[in-house]
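Open the model in your viewer and get ready to select residues. Each stop says what to pick and what is there.

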Amino acid sequence: MSARAGERLVDGYTLVVFDLDGVIYLIDRPIPGAVEAVGRLHAEGRAVAYATNNASRRSSEVAELLTGMGVPARPEEVLTSAAAAAQLLRDALPAGAPVLVVGAEALRAEISAVGLRPVTLADEEPAAVVQGYGPQVGWVDLAEASVAVRAGAPWYATNTDRTLPSGRGPLPGNGSLVAVLRTALDREPDVVVGKPEPALFATAARRADGGRTLVVGDRLDTDIEGARRAGLDSLLVLTGVSDVPELLAAPQARRPTYVALDLAGLFDPAAVVAVPGDPDRDGWSVTVTDGELVLDGAGRPLDALAALCAVAWAASAGPVVRAVSPQAAEALTALGLPA
């Protein structure tokens, strides 16, 4: 079953909000088809926005990066967890208050931009600690943050992504660095700003002027959960972190509205599917045997995926899938599963 019975998915929405890493680009290179997809949205006059947990670049830098890749973007279209964290701190602290920054220069710049004073040492008596991803973050930075939080400074984390995508596979993200402090302090951050918290998506959705918003992401634990918590529909694309086994094992809070292999699903009804589907429809049949999902029949791989989701989510089965027919084996291979 396609998402809208022959209609394009994008036609049902006023605004499309994209995650960046794993959806539009991978580190510094566009994902195949992404430039064309966003260009098509612009050509049709559709509103777009970008929401990223990456706190290592400012909105203007992200817009420049996108534009350099062939995706024209304005700074006001980009929402980052660094900027959102700075705005929260601005609202909570007096002007000029010292804030201990653990992260990249972009996070320090955002703190300065809202009238607060970034510092690096606990001895400077920071009024708060803000922690974001930075490739140069080391033990000394984490130690200073630990001392400051123990002294009473509230602890803000821009996001808790365990990993970030790369050409060599997932690498440690800010969530892994937050976990170091969580272990040392035996406590959680006071405030987590980025996805899956709904603030970034809720802010973006206000730009739809009452129309419907679609969130496009590659991570179930941030993009999709964040969209659900913001009350928005979501499209999972399989170009980044989350894969089919993770989707089949997803708890209810992390289940997307639609799934596509890539951004072609926005425009091609045959390249997207609503999930969950029907376990006995569109040529496929899914049953459970000894805790395994058993796929039989023939048809589109995406329809097979929708059927697998229906049974896996209802029966808490999988994500091990066994093919019965040759066509089922081909579908599993197309979905990145062992046949």
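Select isoleucine 24. Setting aside residues up to four places away in sequence, Ile24 touches Phe18, Asp19, Pro30, Ile31, Ala34, Val38, Tyr50, Leu66, Val71 and Leu263; contact means heavy atoms within 4.5 Å. This is a predicted model: local features need pLDDT of at least 70, side-chain atom pairs count only at pLDDT 80 or more, and totals for chains, interfaces and linings use all residues. Residues are numbered from 1 along each chain as its sequence is written, and side-chain values use heavy atoms, with hydrogens and water left out.

Now widen the view. The largest nonpolar core has 35 residues, and Phe18, Ile24, Tyr50, Val216, Leu235, Leu263 and Leu266 touch the most other members. A nonpolar core is a set of buried Ala, Val, Leu, Ile, Met, Phe, Trp, Tyr and Cys residues joined through side-chain atoms within 4.5 Å. Buried means under 20% relative accessible area, exposed over 50%, partly exposed in between (1.4 Å probe, protein chains only).

Next, pick proline 72. Pro72 is in the loop between helix 2 and strand 5 (78-80). Helices (H or I, at least four residues) and strands (E, at least two) are DSSP runs, numbered from the N terminus. Proline 72 is partly exposed, at 48% relative accessible area. Leaving aside neighbours within four places in sequence, proline 72 contacts His42, Tyr50, Thr67 and Glu77.

Last, show helix 5 (residues 139-150) and helix 6 (residues 174-185). Which residues meet here in helix 5 and helix 6? Leu142, Ala145, Ser146, Val149 and Arg150 in helix 5 meet Leu177, Val180, Leu181, Ala184 and Leu185 in helix 6.
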